[in-house]
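Biologist: I would like to go through this structure feature by feature. Please give the general idea before the case at hand.

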Number of protein chains: 2
Amino acid sequence: MKEFTQEERYRVLKSPDEIKDLHQRNAQSIYRQTYHVQPVTGLSSDPNGFVYHNNLWHLFYQWTPWGAVHGLKYWYHVTSKDLVHWSNRGIGLSPGDTFDNKGCHSGSGIALKNDLYLFYTGNHRDEKWIRTPYTCAARMDENGKLHKLKEPLFGPRPDYAEHQRDPKVIYHKQKDMYYIFIGAMTLDKRGTVLIYQSKDLLSGWQFSGELKVPGYENFGGMWECPCIENLNGQDILIFSPQYTKLPERGNSTNHNVYLTGQMDYETLTFTPSGPYHYLDYGFDFYAAQFAANVNSNDHAIMISWIGLPDNHYPSAEDEWEGTMTIPRVVSLKDGYLYQQPPEEMKLLRKEPIPTEGHLPDTCEIEALFDGEDTDFNLFTNQNSHGLKIHYQSDTHTLTFDKSHMKLRFNQQVFEILNIKLAEDLKNMQIFIDKCSLEVFINDGKYTFTARLFPVKEEHNYVSDHHVKLTIYPLKESVQDNFIL
Amino acid sequence: MKEFTQEERYRVLKSPDEIKDLHQRNAQSIYRQTYHVQPVTGLSSDPNGFVYHNNLWHLFYQWTPWGAVHGLKYWYHVTSKDLVHWSNRGIGLSPGDTFDNKGCHSGSGIALKNDLYLFYTGNHRDEKWIRTPYTCAARMDENGKLHKLKEPLFGPRPDYAEHQRDPKVIYHKQKDMYYIFIGAMTLDKRGTVLIYQSKDLLSGWQFSGELKVPGYENFGGMWECPCIENLNGQDILIFSPQYTKLPERGNSTNHNVYLTGQMDYETLTFTPSGPYHYLDYGFDFYAAQFAANVNSNDHAIMISWIGLPDNHYPSAEDEWEGTMTIPRVVSLKDGYLYQQPPEEMKLLRKEPIPTEGHLPDTCEIEALFDGEDTDFNLFTNQNSHGLKIHYQSDTHTLTFDKSHMKLRFNQQVFEILNIKLAEDLKNMQIFIDKCSLEVFINDGKYTFTARLFPVKEEHNYVSDHHVKLTIYPLKESVQDNFIL
């Protein structure tokens with residue numbers, strides 16, 4: 001596996017020719033996906049700038065061109081008409097200017113009349129490698145080309161740690177005001193959100209204050225990727241707390257949670273209506289963000305990185321790493337977020353195959369459970385249990401154990417995770433795509449998302465009579481072409 | 001002499017009681033001045049926020065309350081009706097807020113209608129002592145109280161070194177535009193000026209670019225305290241270049257120079273009409289600034305710190321240090337700045353004393369020279385030459401040699417300085433005030449300013465027949481009272 005020097009990781013891309021061969025090598029990887037957005041080359045991480053605009057879904061991802069390594073981050077641009085079929089569109093934001101000399105880091109987008117605007121963190125480092133994060137903006141022109149504003153909207157606040165990033169911009173109609181939420185760390189290393197406001201989208205930004213979330217004053221050391229949505233009058237705050245361990249999350253210090261409640265923009269207080277929940281219970285899920293301009297009261301569209309900071313994945317052998325979830329339709333019911341694949345995912349279904357133990361490397365599985373204890377193992381072969389899924393009915397505990405897979409990775413973080421259901425296990429909708437697994441449990445009240453790298457032999461499954469399966473092989477919906 | 005820890009130097013002043021005793025000790029110093037603005041306690045350095053407003057001259061100085069030491073800087077406020085009589089008014093700007101936690105550093109002022117606004121550098125340091133300079137503003141209310149804006153106007157640019165400070169704000173009438181000049185250092189350690197502009201005084205500031213001064217691309221490592229004025233259609237740029245030695249300036253790396261020329265705000269180019277000149281040829285002169293709102297075409301008012309960065313002075317034994325020059329009336333003639341004391345200084349004159357060799361510790365001396373070689377020594381006694389002033393007529397060289405004074409200080413920087421006159425030595429107007437010397441030479445075409453600390457015995461002068469003297473003892477015009 002290639003080792004990178006810092007200089008190599010932060011190299012500026014001068015010409016597509018520099019990574020054309022890398023793309024070809026990446027595309028030959030047996031783990032290359034077929035209906036998930038994945039890096040055109042190298043590494044992808046957070047989703048960015050997810051916006052519905054002029055009948056098109058625009059999505060960007062944090063991208064390091066050079067290989068399976070975090071380094072100089074670009075925004076790579078993909079679009080879709082239906083949230084299922086995605087096209088590579090080329091580089092969105094390129095770093096290397098004054099305020100983003102060491103990366104265009106994560107952020108969000110918003111459409112305003114005929115224009116699409118993107119808000120990102122300009123990652124500046126000086127010669128001593130001291131970081132200064134700027135909140136920057138860019139406008140997309142009618143040809144899809146992005147034009148960065150010459151100056152940032154604002155710099156970091158000195159009364160918080162250097163960790164101030166991931167601007168989420170929203171428009172508050174009643175107040176006729178724009179707000180930016182910035183993920184931040186206080187000087188005493190507590191995670192929080194800084195709120196800025198402006199009457200204008202591209203100027204006049206003023207610091208409003210720190211978001212108050214009663215009960216969450218000391219909840220992790222940094223809240224990355226804060227995002228807020230309103231569904232049927234309820235506010236939903238999602239964020240990715242770091243530097244803390246949380247229950248049932250093994251040794252991981254990277255999480256993604258949501259709170260439902262009420263956001264008061266006068267007092268800058270988000271009052272939760274209940275406890276936090278994991279946005280996903282899987283091994284690899286982080287930096288989720290809601291799409292902007294969906295304009296629906298009853299659902300939001302969310303996407304996430306299937307991966308975690310500080311973790312690495314076996315596809316690094318093939319010089320690439322990272323993928324997005326499929327976009328998820330999110331609704332609110334009884335205080336829980338329910339996540340569903342987009343309806344259009346059904347268009348990818350081929351004819352169901354006989355349920356005789358063969359597991360296609362790209363498929364959707366509908367699983368109906370009778371509520372009894374059950375074992376349901378994926379990616380098995382004659383010598384291995386593969387991914388063990390066990391349901392313990394008396395405690396309503398669903399267990400995912402990846403420790404029996406042939407390719408093991410991030411073992412020090414966790415290999416076994418439990419979900420404590422509030423009710424019986426009823427159903428799962430499972431999406432497998434070469435090296436990713438997404439499970440929607442009990443109509444999407446819980447989801448479990450992970451990278452898994454089955455070797456060639458791990459192509460079976462084992463189930464008992466407590467589950468009834470339908471297995472649909474899936475068509476491709478994401479081309480793996482080299483557009484730069 | 002008291003040694004200060006960093007913590008002591010950067011201590012926030014909580015109550016006047018903490019420095020009342022210090023003031024009393026300072027006020028008993030035999031070097032305490034009588035017609036110069038000096039620190040109410042502790043240390044003063046740069047003049048700041050010099051503005052004429054509502055028939056009053058407002059001046060502030062960089063002030064560390066605790067003793068003869070640079071540390072947490074305040075702006076201390078003094079006012080005058082005539083540029084000669086000054087009253088202590090109390091603290092102007094207090095540091096310790098978010099953006100100026102380690103000091104309200106230098107800056108300028110401007111009056112707009114009925115309001116006075118001050119622009120300063122918020123000196124922020126984080127827990128690792130890494131500095132971030134902010135350009136901040138404050139408004140003076142009708143009671144003379146200053147109200148700092150909650151947010152800075154702008155932060156530092158990452159494509160320049162951390163040395164970005166000393167905002168000089170001006171209003172450009174033809175363009176109906178405000179400009180701020182910021183003294184700066186490039187990443188490759190060259191001194192320069194950054195220019196910002198805004199239609200509004202307190203918001204909307206945008207970076208315009210770096211000031212171009214043809215021929216001065218590599219002139220010192222930092223240009224502190226840039227300031228610009230226009231006299232009769234000619235622009236005058238003054239600044240204090242650091243980190244370089246200049247001709248006839250010994251080992252000093254702190255200077256104060258001026259250029260005359262034309263400032264083009266479209267191209268951000270100052271085109272000099274001739275070589276630079278020293279703003280003053282003395283041992284101790286730095287950070288000069290022009291007063292704002294003088295509204296004269298033919299003269300400006302300038303004031304300066306009698307002192308240099310990195311230098312220390314014998315009054316430190318008495319726990320204080322620093323003083324201002326008398327304000328100077330500046331006009332332009334044949335490409336030279338001419339400096340004169342304000343006409344009102346004559347009000348301080350007592351009856352002239354007989355010119356018999358006695359030198360009052362507070363006096364004005366008019367000296368007329370015949371143009372021949374001459375020796376004219378001040379602060380002499382029977383055992384010492386005091387300050388030797390020698391004029392060498394064939395080379396038009398005027399030499400000041402302080403190495404014979406009893407109290408020597410900053411010897412490593414320089415003790416002997418020459419001024420090469422462009423013509424014969426004709427006259428001097430000399431102001432002595434306990435521990436300061438200001439000499440206006442040849443109608444103020446050259447000035448020589450220094451701190452000198454004559455001991456009690458050094459109260460004579462020696463002159464020959466090539467000079468004709470008139471000596472006026474002077475009345476006090478600056479009270480040394482404790483106003484906080």
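The dialogue below takes up the interface, an annotated domain and a hairpin.

Modeller: Keep in mind that this is a predicted model.

Biologist: How many residues of chain B are in contact with chain A, and what area is buried between the two chains?

Modeller: The size of an interface is often given as the accessible area lost when the parts come together. Here about 1300 Å² is buried between chain B and chain A, with carbon and sulfur atoms giving 50% of that area. Thr98(B), Glu151(B) and Pro158(B) supply 36% of what chain B buries against chain A, more than any other three residues. In terms of contacts, 15 residues of chain B meet 15 residues of chain A.

Biologist: Which polar features link the two chains?

Modeller: Between chain B and chain A there are two salt bridges and six residue pairs in polar contact. On the chain B side that touches chain A, seven residues are nonpolar, three polar and five charged. One of the salt bridges pairs Arg157(A) with Glu151(B), the closest N and O atoms being 3.2 Å apart.

Biologist: What does the record annotate in chain A?

Modeller: An unreviewed UniProt entry assigns "domain: Glycosyl hydrolase family 32 C-terminal" to residues 365-460 of chain A. That span is 54% strand and 0% helix, and its end C-alpha atoms lie 13 Å apart.

Biologist: How do strand 15 and strand 16 of chain B run, parallel or antiparallel?

Modeller: In a regular strand the side chains alternate between the two faces of the sheet. Strand 15 (residues 257-264) and strand 16 (residues 269-272) of chain B run antiparallel, joined by four bridges. Gly261(B) has Pro272(B) in strand 16 as its bridge partner. Four residues lie between the strands of this hairpin, and Leu268(B) takes a positive phi near 55 degrees.

Notes. Residues are numbered from 1 along each chain as its sequence is written. Chains are lettered from A and ligands numbered from 1 in the order in which they are written. This is a predicted model: local features need pLDDT of at least 70, side-chain atom pairs count only at pLDDT 80 or more; totals for chains, interfaces and linings use all residues. Side-chain values use heavy atoms; hydrogens and water are left out. Contact means heavy atoms within 4.5 Å. Buried area is the accessible area (1.4 Å probe) that two parts lose on being put together, summed over both. A salt bridge is a side-chain nitrogen of Lys or Arg within 4 Å of a carboxyl oxygen of Asp or Glu. A polar contact is a pair of N or O atoms within 3.5 Å; within protein, one must be able to donate a hydrogen and the other to accept it, and residues adjacent in sequence count only if both atoms are side-chain atoms. Ala, Val, Leu, Ile, Met, Phe, Trp, Tyr, Cys and Pro count as nonpolar, Asp, Glu, Lys and Arg as charged, and the others, Gly among them, as polar. UniProt positions are given in the numbering used here, feature names are shortened, and annotations may be inferred rather than shown by experiment. Helices (H or I, at least four residues) and strands (E, at least two) are DSSP runs, numbered from the N terminus. Two strands pair if DSSP finds at least two bridges between them.
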